[in-house]
Amino acid sequence: MRLLAVGDMHLGRVPVALPEGLAGAARELGPETAWQRCIDQAISLEVEAVLLAGDVVDRERDFFAGYTTLKAGIENLLEHGIRVVAVAGNHDVEVLPRLADALPELKLLGRGGDWECLALSAGSVIGWSFPDRRVTRSPLESFPERELPRPCLGLLHCDRDQAESAYAPVHSAGLEAAPVDAWLLGHVHRPDLAGDARPIGYLGSVSALRASEIGARGPWLIEVDGPSIRARQIALAPLAFDALDLDVSALAAPADLDGAVLAAGKRRVAARIEASALPDALGLRIRLTGEHPAITTLNDAAREILARQPVFEESGCRVFVDKIETAVAAPLDLEALARQPDPAGVLARDLLLLAGPDCDARRRLVAEARERIQAAGAIAELQPVAGELSSDDAAERLIRTGHAALAMLLEQRR
Ligand SMILES: [Mn+2]
């Protein structure tokens, strides 16, 4: 038995973070195109059902847009004998049930927060839908105790291992302990479905909705073969973002940066073709690494490229630069600089201290940096620091920014 499992679609959402040259194509790079491709895949792979893990529709007011898009797809699937099963998430807690009322072919599982099991040709699928926009108790608390037709696939929109979450918090241990043979989860947009015989994890967004959603995106083919269940992602997303490191150590002049960016884009496209994961548009989130004496000029060159919002086409994929971050170190003789009685000397001595073994002075420096980075992260609402920053992370950032600052200081002096 084959099934196609689709994570957060957010129909109605227009992807952001596109350059001017692609702004007109935003809709065709969005979830509606991904949904159309999911339907094509479901038909050609002859799956028995398409499973939707919630947040199918982005907003309550997307009722009519969702109706039109879902209806066309569901009718097409039904003609091929493929049924559509969904659970509601926090984004479509009201609109998905209303859509299910208007589209009787759409089977909404677990309406009102009551677990519901549906028999399939081999085994079953059990699901739970958000009864309210906010759910602070784990849905697993009410998981039925009766025997379920195995293999049984769990379909759930939830927030895993976030105890304080208002979006149906569940523990990994709870998922593992439940008598199901796979958990197909929605809510978190980063896919992490894994497990050889018993896949458990997030399906992820079906296409990138924002630039932070890096990596492959698409639905998952679920193959049920007796007790064993295999999951394979089909990376059909029309829009994707890739994070990559670009070593500029061998770059003769900073003006050559655009050529290096183009080459890096070509390599990413080649790798994605190899992985059968070529999107229609690919955003690059580049981090410049390595050693280079002209850091400031490199930074300027990077800013200039970003300001031009370049788009180039490679093997039918429109590649653009979303971000260039610099983590380039200058080739510095720290020992010699540390002997200088000036600000460069102070920085060089701190960098040597950071590179050296653990001691009181090093610990003090790292602790102070950690406090300040976290305080800054708390203010910058647009770039929240995810979780706690470890001492190692703080030291790493201190070394990186210290190197950059020292290099800039020396460049200015020249
Ligand atoms: Mn959600």
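Strands β15 (residues 281-289) and β17 (residues 317-326) run parallel and are joined by eight bridges. Leu288 has Thr326 of β17 as its bridge partner. This is a predicted model: local features need pLDDT of at least 70, side-chain atom pairs count only at pLDDT 80 or more, and totals for chains, interfaces and linings use all residues. Residues are numbered from 1 along each chain as its sequence is written.

Both strands belong to an open sheet of four, ordered β14-β15-β17-β16, with mixed pairing. β14 (239-247) and β16 (311-314) are the edge strands; each has a single partner strand, so one side of each lacks a neighbour in the sheet. Strands count as paired if DSSP finds at least two bridges between them. Helices (H or I, at least four residues) and strands (E, at least two) are DSSP runs, numbered from the N terminus.

Two helices lie across strands of this sheet.

| Helix | Residues | Lies across | Angle |
|---|---|---|---|
| α6 | 257-274 | β14, β15, β16 and β17 | about 125° to β15 |
| α7 | 295-308 | β15 and β17 | about 145° to β17 |

Axes are lines fitted to C-alpha atoms, for helices over the stretch in contact; angles run from 0 to 180 degrees between N-to-C directions. Contact puts C-beta atoms, placed from the backbone, within 7 Å.

Now to β1 (residues 2-6). β1 pairs parallel with β2 (residues 49-52) over four bridges, and Ala5 stands opposite Leu51 in β2. Four bridges also join β1 antiparallel to β12 (residues 220-225). There, Leu3 stands opposite Ile222. Ala5 touches residues including Leu51, Leu184 and Ile222, leaving aside those up to four places away in sequence.
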